[in-house]
Amino acid sequence: MRLPSLMMIALIILSLVDDFGIWRLARDHFHRKRRTWTVCWWGFAVVCYILLAIILAMPRRSENVDILVTMWMLYTYLTIYASKTVALLFGLLGQLPRLFKRKTRNSILWLGLPFGALTFIVMWWGALVTRHEIDVREVNIVSSKIPVSFNGYKIVQISDMHVGTWGNDTVFISHLVDSVLAQKPDVIVFTGDIVNRQTHELQPFLATLSRLRAPDGTLSILGNHDYGDYITWDNPSDRAANNKLLAEWEKSMGWKLLNNEHIYLVKGNDSIPVIGVENWGEPPFHQYGHLEDAYPFSPDSIHNINDARFKILLSHNPEHWRQEVSHKTNIDLTLSGHTHAMQFRISLGDNEWSPAKWKYEEWGGLYEKNNDNGVPTQIYVNIGSGEVGMPFRIGATPEITVINLWNPTVEKEVVPTEPKR
(Lines give C-alpha, C1' and ligand atoms only; values in the text may rest on other atoms or scores of the structure.)
Protein backbone atom coordinates (compact mmCIF):
# COMPACT_ATOMS: atom_id res chain seq x y z
CA MET A 1 0.00 0.00 0.00
CA ARG A 2 1.41 3.37 -0.98
CA LEU A 3 2.04 6.15 1.52
CA PRO A 4 -0.76 8.44 0.23
CA SER A 5 -3.28 5.64 0.82
CA LEU A 6 -2.07 5.17 4.39
CA MET A 7 -2.29 8.92 4.96
CA MET A 8 -5.87 8.99 3.70
CA ILE A 9 -6.86 6.09 5.96
CA ALA A 10 -5.28 7.88 8.90
CA LEU A 11 -7.16 11.07 7.94
CA ILE A 12 -10.50 9.23 7.85
CA ILE A 13 -9.88 7.63 11.26
CA LEU A 14 -8.79 10.96 12.75
CA SER A 15 -11.91 12.64 11.36
CA LEU A 16 -14.18 10.07 12.98
CA VAL A 17 -12.34 10.40 16.30
CA ASP A 18 -12.64 14.20 16.15
CA ASP A 19 -16.36 14.16 15.42
CA PHE A 20 -17.22 11.57 18.06
CA GLY A 21 -14.96 13.15 20.69
CA ILE A 22 -16.34 16.68 20.28
CA TRP A 23 -19.93 15.40 20.10
CA ARG A 24 -19.39 13.44 23.32
CA LEU A 25 -17.84 16.38 25.19
CA ALA A 26 -20.47 18.87 24.07
CA ARG A 27 -23.67 16.84 24.27
CA ASP A 28 -24.17 17.42 28.02
CA HIS A 29 -24.23 21.16 27.40
CA PHE A 30 -27.09 20.70 24.95
CA HIS A 31 -29.07 18.37 27.20
CA ARG A 32 -32.35 20.17 26.43
CA LYS A 33 -31.71 20.16 22.71
CA ARG A 34 -29.52 17.08 22.53
CA ARG A 35 -31.37 15.64 19.54
CA THR A 36 -31.09 18.88 17.57
CA TRP A 37 -27.38 19.15 18.44
CA THR A 38 -26.76 15.55 17.40
CA VAL A 39 -28.57 15.91 14.08
CA CYS A 40 -26.79 19.18 13.24
CA TRP A 41 -23.35 17.96 14.29
CA TRP A 42 -23.44 14.63 12.49
CA GLY A 43 -25.24 16.14 9.51
CA PHE A 44 -22.35 18.56 8.98
CA ALA A 45 -19.89 15.69 9.52
CA VAL A 46 -21.61 13.64 6.81
CA VAL A 47 -21.35 16.60 4.40
CA CYS A 48 -17.61 16.71 5.14
CA TYR A 49 -17.27 12.97 4.56
CA ILE A 50 -19.05 13.32 1.22
CA LEU A 51 -16.61 16.09 0.32
CA LEU A 52 -13.70 13.79 1.18
CA ALA A 53 -15.23 10.96 -0.87
CA ILE A 54 -15.46 13.30 -3.88
CA ILE A 55 -11.83 14.31 -3.39
CA LEU A 56 -10.70 10.69 -3.25
CA ALA A 57 -12.74 9.82 -6.34
CA MET A 58 -11.23 12.59 -8.47
CA PRO A 59 -8.31 11.51 -10.70
CA ARG A 60 -5.00 13.07 -9.73
CA ARG A 61 -2.35 11.70 -12.08
CA SER A 62 -4.09 12.16 -15.41
CA GLU A 63 -2.46 14.62 -17.83
CA ASN A 64 -5.93 15.93 -18.75
CA VAL A 65 -7.04 16.83 -15.22
CA ASP A 66 -6.60 20.21 -13.54
CA ILE A 67 -5.93 19.47 -9.87
CA LEU A 68 -6.60 23.03 -8.61
CA VAL A 69 -10.18 22.21 -7.64
CA THR A 70 -9.07 19.08 -5.81
CA MET A 71 -6.33 21.04 -4.05
CA TRP A 72 -8.72 23.66 -2.68
CA MET A 73 -11.36 21.09 -1.73
CA LEU A 74 -8.79 19.06 0.20
CA TYR A 75 -7.43 22.16 1.91
CA THR A 76 -10.96 23.15 2.95
CA TYR A 77 -11.48 19.71 4.46
CA LEU A 78 -8.14 19.84 6.27
CA THR A 79 -8.80 23.28 7.75
CA ILE A 80 -12.07 21.99 9.20
CA TYR A 81 -10.58 18.87 10.73
CA ALA A 82 -7.33 20.42 11.86
CA SER A 83 -9.49 22.90 13.77
CA LYS A 84 -11.60 20.08 15.19
CA THR A 85 -8.47 18.19 16.25
CA VAL A 86 -7.13 21.22 18.13
CA ALA A 87 -10.55 21.84 19.68
CA LEU A 88 -10.76 18.22 20.84
CA LEU A 89 -7.23 18.23 22.31
CA PHE A 90 -7.86 21.41 24.29
CA GLY A 91 -11.28 20.16 25.25
CA LEU A 92 -9.74 17.01 26.71
CA LEU A 93 -7.06 19.11 28.40
CA GLY A 94 -9.79 21.07 30.10
CA GLN A 95 -11.20 17.82 31.52
CA LEU A 96 -8.05 17.08 33.53
CA PRO A 97 -9.41 18.62 36.78
CA ARG A 98 -12.03 15.88 36.81
CA LEU A 99 -9.26 13.37 37.42
CA PHE A 100 -8.85 15.07 40.79
CA LYS A 101 -12.63 15.10 41.35
CA ARG A 102 -12.88 18.82 40.79
CA LYS A 103 -15.73 20.46 38.98
CA THR A 104 -15.04 22.02 35.61
CA ARG A 105 -17.01 23.88 32.99
CA ASN A 106 -17.70 22.37 29.58
CA SER A 107 -14.13 22.55 28.34
CA ILE A 108 -14.93 21.99 24.67
CA LEU A 109 -16.81 25.31 24.69
CA TRP A 110 -14.61 27.58 26.83
CA LEU A 111 -11.23 26.09 25.90
CA GLY A 112 -11.54 23.90 22.79
CA LEU A 113 -13.71 26.19 20.69
CA PRO A 114 -11.45 29.30 20.89
CA PHE A 115 -8.30 27.37 20.01
CA GLY A 116 -10.08 25.49 17.25
CA ALA A 117 -11.35 28.76 15.80
CA LEU A 118 -7.84 30.25 16.02
CA THR A 119 -6.44 27.28 14.09
CA PHE A 120 -9.06 27.75 11.37
CA ILE A 121 -8.26 31.48 11.09
CA VAL A 122 -4.48 30.92 10.96
CA MET A 123 -4.80 28.27 8.24
CA TRP A 124 -6.98 30.46 6.04
CA TRP A 125 -4.78 33.48 6.73
CA GLY A 126 -1.90 31.41 5.36
CA ALA A 127 -3.93 30.63 2.23
CA LEU A 128 -5.45 34.05 1.57
CA VAL A 129 -2.79 36.45 2.89
CA THR A 130 0.66 35.05 3.72
CA ARG A 131 1.20 33.22 0.45
CA HIS A 132 0.75 36.55 -1.38
CA GLU A 133 3.42 38.34 0.67
CA ILE A 134 7.10 38.43 -0.32
CA ASP A 135 10.11 38.33 1.99
CA VAL A 136 13.37 39.75 0.60
CA ARG A 137 16.33 38.26 2.47
CA GLU A 138 19.86 39.57 2.07
CA VAL A 139 22.95 37.40 2.49
CA ASN A 140 26.62 38.39 2.34
CA ILE A 141 29.07 35.78 1.06
CA VAL A 142 32.62 36.80 1.98
CA SER A 143 35.60 34.96 0.50
CA SER A 144 39.12 35.91 -0.54
CA LYS A 145 38.58 33.58 -3.54
CA ILE A 146 36.00 35.95 -5.01
CA PRO A 147 37.67 37.87 -7.86
CA VAL A 148 38.21 41.53 -7.02
CA SER A 149 36.17 42.69 -10.01
CA PHE A 150 33.16 40.77 -8.60
CA ASN A 151 33.27 42.64 -5.30
CA GLY A 152 29.71 43.74 -4.53
CA TYR A 153 28.29 41.48 -7.27
CA LYS A 154 24.58 40.82 -6.65
CA ILE A 155 22.89 37.48 -7.29
CA VAL A 156 19.13 37.29 -6.82
CA GLN A 157 17.79 33.79 -6.22
CA ILE A 158 14.19 32.63 -6.55
CA SER A 159 12.95 29.07 -6.41
CA ASP A 160 9.96 26.72 -6.45
CA MET A 161 7.35 28.94 -8.14
CA HIS A 162 4.93 26.06 -8.84
CA VAL A 163 2.97 28.39 -11.13
CA GLY A 164 0.26 25.77 -11.68
CA THR A 165 -1.05 26.52 -8.18
CA TRP A 166 -2.13 29.95 -9.47
CA GLY A 167 -4.03 28.65 -12.49
CA ASN A 168 -4.32 31.58 -14.92
CA ASP A 169 -3.90 34.29 -12.27
CA THR A 170 -0.64 36.11 -12.99
CA VAL A 171 -0.96 38.81 -10.30
CA PHE A 172 1.33 37.25 -7.69
CA ILE A 173 3.97 36.14 -10.20
CA SER A 174 3.97 39.64 -11.69
CA HIS A 175 4.47 41.08 -8.21
CA LEU A 176 7.31 38.61 -7.66
CA VAL A 177 8.99 39.66 -10.91
CA ASP A 178 8.68 43.34 -9.97
CA SER A 179 10.24 42.63 -6.57
CA VAL A 180 13.16 40.77 -8.15
CA LEU A 181 13.85 43.56 -10.62
CA ALA A 182 13.67 46.13 -7.81
CA GLN A 183 16.78 44.52 -6.29
CA LYS A 184 18.78 45.49 -9.42
CA PRO A 185 20.53 42.10 -9.73
CA ASP A 186 23.65 41.44 -11.76
CA VAL A 187 22.35 37.93 -12.42
CA ILE A 188 19.11 36.10 -11.57
CA VAL A 189 19.10 32.40 -10.71
CA PHE A 190 16.07 30.12 -10.47
CA THR A 191 16.69 26.86 -8.63
CA GLY A 192 13.94 24.59 -9.94
CA ASP A 193 10.25 23.58 -9.77
CA ILE A 194 8.67 26.13 -12.05
CA VAL A 195 5.54 23.94 -12.50
CA ASN A 196 3.60 21.42 -10.45
CA ARG A 197 3.01 18.58 -12.89
CA GLN A 198 3.31 19.57 -16.55
CA THR A 199 4.70 22.29 -18.78
CA HIS A 200 1.35 23.69 -19.98
CA GLU A 201 0.86 25.23 -16.52
CA LEU A 202 3.57 27.72 -17.52
CA GLN A 203 1.79 29.13 -20.58
CA PRO A 204 -0.17 31.96 -18.85
CA PHE A 205 3.04 33.18 -17.21
CA LEU A 206 5.40 33.28 -20.20
CA ALA A 207 5.08 37.01 -20.84
CA THR A 208 5.35 37.85 -17.14
CA LEU A 209 8.45 35.73 -16.51
CA SER A 210 10.06 37.04 -19.70
CA ARG A 211 10.47 40.33 -17.83
CA LEU A 212 13.08 38.73 -15.54
CA ARG A 213 16.17 40.30 -17.06
CA ALA A 214 19.59 41.10 -15.61
CA PRO A 215 22.94 42.19 -17.12
CA ASP A 216 24.35 38.66 -16.87
CA GLY A 217 21.06 36.95 -17.63
CA THR A 218 18.63 34.61 -15.88
CA LEU A 219 20.00 31.13 -15.17
CA SER A 220 17.80 28.19 -14.24
CA ILE A 221 17.83 24.50 -13.39
CA LEU A 222 15.14 21.83 -13.16
CA GLY A 223 13.48 20.56 -10.00
CA ASN A 224 11.74 17.27 -9.32
CA HIS A 225 8.35 18.67 -10.44
CA ASP A 226 9.68 19.80 -13.82
CA TYR A 227 10.05 16.35 -15.41
CA GLY A 228 6.42 15.27 -15.63
CA ASP A 229 7.00 12.47 -13.12
CA TYR A 230 3.79 13.24 -11.21
CA ILE A 231 1.56 12.28 -14.14
CA THR A 232 0.70 8.89 -15.59
CA TRP A 233 1.17 9.68 -19.29
CA ASP A 234 -0.90 7.95 -21.94
CA ASN A 235 2.25 7.65 -24.05
CA PRO A 236 5.94 7.96 -23.07
CA SER A 237 6.44 10.27 -26.03
CA ASP A 238 3.98 12.71 -24.42
CA ARG A 239 6.25 13.05 -21.40
CA ALA A 240 9.27 13.59 -23.65
CA ALA A 241 7.37 16.28 -25.56
CA ASN A 242 6.35 17.88 -22.25
CA ASN A 243 9.97 18.11 -21.10
CA LYS A 244 11.20 19.39 -24.45
CA LEU A 245 8.54 22.09 -24.42
CA LEU A 246 9.67 23.29 -20.98
CA ALA A 247 13.22 23.79 -22.25
CA GLU A 248 11.90 25.62 -25.32
CA TRP A 249 9.65 27.90 -23.29
CA GLU A 250 12.39 28.78 -20.81
CA LYS A 251 14.61 29.68 -23.76
CA SER A 252 11.83 31.81 -25.23
CA MET A 253 11.63 33.67 -21.90
CA GLY A 254 15.31 34.54 -22.22
CA TRP A 255 16.40 32.10 -19.50
CA LYS A 256 19.50 29.93 -19.75
CA LEU A 257 18.67 26.40 -18.59
CA LEU A 258 21.70 24.56 -17.21
CA ASN A 259 21.22 20.80 -17.56
CA ASN A 260 24.39 19.24 -16.14
CA GLU A 261 26.51 22.01 -17.62
CA HIS A 262 28.22 25.23 -16.64
CA ILE A 263 28.78 28.76 -17.82
CA TYR A 264 31.06 31.58 -16.71
CA LEU A 265 30.13 34.94 -15.29
CA VAL A 266 32.76 37.28 -16.72
CA LYS A 267 34.02 40.68 -15.64
CA GLY A 268 37.15 41.92 -17.39
CA ASN A 269 39.82 39.24 -17.00
CA ASP A 270 38.01 37.56 -14.10
CA SER A 271 35.32 34.90 -14.16
CA ILE A 272 33.20 32.78 -11.83
CA PRO A 273 31.90 29.41 -13.03
CA VAL A 274 28.22 28.73 -12.37
CA ILE A 275 27.49 25.00 -12.47
CA GLY A 276 23.95 23.76 -12.96
CA VAL A 277 22.86 20.17 -12.38
CA GLU A 278 19.55 18.53 -13.10
CA ASN A 279 17.52 17.35 -10.13
CA TRP A 280 19.57 15.22 -7.76
CA GLY A 281 16.84 13.35 -5.96
CA GLU A 282 16.99 10.99 -3.05
CA PRO A 283 14.21 8.34 -3.04
CA PRO A 284 11.39 8.60 -3.97
CA PHE A 285 12.58 11.35 -6.33
CA HIS A 286 14.36 10.43 -9.55
CA GLN A 287 18.02 11.31 -9.87
CA TYR A 288 18.90 13.14 -13.05
CA GLY A 289 21.76 15.28 -11.77
CA HIS A 290 25.38 14.37 -12.53
CA LEU A 291 27.94 16.79 -11.19
CA GLU A 292 30.79 15.06 -13.02
CA ASP A 293 29.05 15.83 -16.33
CA ALA A 294 28.42 19.44 -15.38
CA TYR A 295 32.03 20.40 -14.53
CA PRO A 296 35.38 18.62 -14.99
CA PHE A 297 36.56 16.29 -12.26
CA SER A 298 39.89 15.65 -13.97
CA PRO A 299 42.94 16.84 -11.98
CA ASP A 300 44.73 17.34 -15.32
CA SER A 301 42.59 20.37 -16.15
CA ILE A 302 43.34 23.82 -14.76
CA HIS A 303 39.57 24.20 -14.45
CA ASN A 304 38.29 21.26 -12.41
CA ILE A 305 35.84 20.69 -9.60
CA ASN A 306 38.51 21.16 -6.92
CA ASP A 307 40.52 23.98 -8.43
CA ALA A 308 41.21 27.21 -6.53
CA ARG A 309 38.52 29.25 -8.31
CA PHE A 310 35.43 30.55 -6.51
CA LYS A 311 32.59 28.38 -7.82
CA ILE A 312 28.81 28.46 -7.54
CA LEU A 313 26.57 25.40 -7.91
CA LEU A 314 22.84 25.45 -8.66
CA SER A 315 21.28 22.21 -7.38
CA HIS A 316 17.58 21.97 -6.55
CA ASN A 317 17.73 19.50 -3.66
CA PRO A 318 19.92 20.48 -0.66
CA GLU A 319 20.53 16.79 0.03
CA HIS A 320 22.88 16.84 -2.98
CA TRP A 321 25.10 19.25 -1.07
CA ARG A 322 24.89 17.24 2.14
CA GLN A 323 25.53 13.82 0.60
CA GLU A 324 27.97 14.60 -2.21
CA VAL A 325 29.02 18.19 -2.87
CA SER A 326 30.17 19.04 0.66
CA HIS A 327 32.28 15.86 0.82
CA LYS A 328 33.88 15.50 -2.61
CA THR A 329 34.33 19.11 -3.74
CA ASN A 330 35.48 22.53 -2.67
CA ILE A 331 32.58 24.29 -4.39
CA ASP A 332 32.25 27.47 -2.39
CA LEU A 333 28.54 28.20 -2.64
CA THR A 334 25.59 25.96 -3.50
CA LEU A 335 22.15 27.46 -4.09
CA SER A 336 19.15 25.17 -3.55
CA GLY A 337 15.40 25.17 -2.94
CA HIS A 338 13.01 22.19 -2.75
CA THR A 339 12.10 22.20 0.97
CA HIS A 340 9.53 25.08 0.98
CA ALA A 341 10.17 24.97 4.76
CA MET A 342 7.16 22.64 4.35
CA GLN A 343 5.23 25.92 3.96
CA PHE A 344 5.23 26.38 7.75
CA ARG A 345 7.75 28.36 9.75
CA ILE A 346 7.80 29.86 13.23
CA SER A 347 10.19 32.78 13.75
CA LEU A 348 11.16 34.15 17.15
CA GLY A 349 13.80 36.82 16.70
CA ASP A 350 16.77 35.20 14.99
CA ASN A 351 15.50 31.71 15.79
CA GLU A 352 13.45 29.84 13.21
CA TRP A 353 11.79 26.45 13.27
CA SER A 354 10.00 24.41 10.63
CA PRO A 355 8.82 20.79 10.43
CA ALA A 356 11.09 20.60 7.37
CA LYS A 357 13.89 20.24 9.92
CA TRP A 358 12.71 16.68 10.56
CA LYS A 359 13.51 15.73 6.97
CA TYR A 360 16.21 18.14 5.82
CA GLU A 361 19.13 19.27 7.95
CA GLU A 362 19.50 22.24 5.59
CA TRP A 363 15.93 23.44 5.13
CA GLY A 364 16.16 27.24 4.90
CA GLY A 365 18.91 29.85 5.08
CA LEU A 366 22.71 29.74 4.99
CA TYR A 367 24.68 26.71 6.22
CA GLU A 368 28.39 25.87 6.32
CA LYS A 369 30.48 22.74 6.84
CA ASN A 370 33.97 21.57 5.97
CA ASN A 371 34.53 19.04 3.21
CA ASP A 372 36.56 15.86 3.66
CA ASN A 373 39.77 17.89 3.27
CA GLY A 374 38.77 20.46 5.84
CA VAL A 375 37.87 23.14 3.29
CA PRO A 376 34.71 25.15 4.15
CA THR A 377 31.74 24.99 1.78
CA GLN A 378 28.41 26.82 2.07
CA ILE A 379 24.84 26.32 0.93
CA TYR A 380 21.90 28.69 0.84
CA VAL A 381 18.44 27.09 0.79
CA ASN A 382 15.69 29.35 -0.55
CA ILE A 383 12.27 28.30 0.80
CA GLY A 384 10.57 29.11 -2.50
CA SER A 385 7.81 31.40 -3.66
CA GLY A 386 5.05 28.93 -4.54
CA GLU A 387 3.15 26.03 -3.05
CA VAL A 388 2.69 22.40 -3.87
CA GLY A 389 -0.06 20.10 -2.63
CA MET A 390 -1.74 22.66 -0.36
CA PRO A 391 -2.23 26.36 -1.29
CA PHE A 392 -0.99 27.91 1.94
CA ARG A 393 2.08 29.36 3.63
CA ILE A 394 2.02 29.86 7.37
CA GLY A 395 4.98 31.94 8.48
CA ALA A 396 7.04 30.66 5.54
CA THR A 397 6.58 33.76 3.40
CA PRO A 398 7.53 33.52 -0.32
CA GLU A 399 11.23 34.32 -0.53
CA ILE A 400 13.54 36.35 -2.73
CA THR A 401 17.19 35.99 -1.75
CA VAL A 402 19.69 38.75 -2.48
CA ILE A 403 23.23 37.31 -2.35
CA ASN A 404 26.08 39.81 -2.27
CA LEU A 405 29.61 38.62 -3.06
CA TRP A 406 32.41 40.35 -1.18
CA ASN A 407 36.17 40.00 -1.23
CA PRO A 408 37.35 40.98 2.28
CA THR A 409 40.65 42.37 0.99
CA VAL A 410 38.66 45.09 -0.77
CA GLU A 411 35.72 45.73 1.53
CA LYS A 412 36.84 45.64 5.14
CA GLU A 413 33.50 46.77 6.61
CA VAL A 414 31.32 43.99 5.27
CA VAL A 415 29.97 41.74 8.00
CA PRO A 416 29.38 38.21 6.70
CA THR A 417 26.03 36.56 7.24
CA GLU A 418 26.38 34.02 10.04
CA PRO A 419 25.77 30.53 8.59
CA LYS A 420 24.11 27.69 10.47
CA ARG A 421 26.31 24.73 11.26
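Predicted model: local features only at pLDDT ≥ 70, side-chain atom pairs only at ≥ 80, totals over all residues.
## Aromatic pairs

The model contains 16 aromatic pairs. In one of them, the ring centres of Phe120 and Trp124 are 6.4 Å apart and the planes meet at 55°, so this pair is tilted. Both residues belong to helix H4 (residues 107–128), where a spacing of four residues places them about one turn of the helix apart.

The two partners fall into separate accessibility classes. Phe120 has a relative accessible area of 36% and is partly exposed, whereas Trp124, at 18%, is buried because the cut-off for burial is under 20%.

## Charges over rings

The charged end of Lys84 sits over the ring of Trp41, 4.5 Å from the ring centre. Arg131 lies over the face of Trp166, with a distance of 4.1 Å to the ring centre.

## Helix H9

Helix H9 spans residues 318–328, and eight of its eleven residues are buried, so the helix is largely enclosed by the rest of the structure. The buried residues are Pro318, Glu319, His320, Trp321, Arg322, Glu324, Val325 and Ser326. Their cover includes helix H8 (291–294) together with strands S8 (312–314), S9 (333–336), S12 (365–370) and S13 (376–381).

At the start of H9, the backbone nitrogen of Glu319 has a side-chain oxygen of Asn317 within 2.9 Å. Glu319 is itself one of the buried residues of this helix.

Key. Residues numbered from 1 in each chain as written. Heavy atoms only, no water. Phe/Tyr/Trp six-rings, centres within 6.5 Å; stacked < 30°, edge-to-face > 60°. Helix = DSSP H or I, 4+ residues; strand = E, 2+ residues; numbered from the N terminus. Buried < 20%, exposed > 50% of the residue type's maximum accessible area, 1.4 Å probe, protein only. Lys NZ or Arg CZ within 6 Å of the ring centre and 35° of its normal. Contact = heavy atoms within 4.5 Å. Polar contact = N/O pair within 3.5 Å; in protein donor to acceptor, adjacent residues only side chain to side chain.
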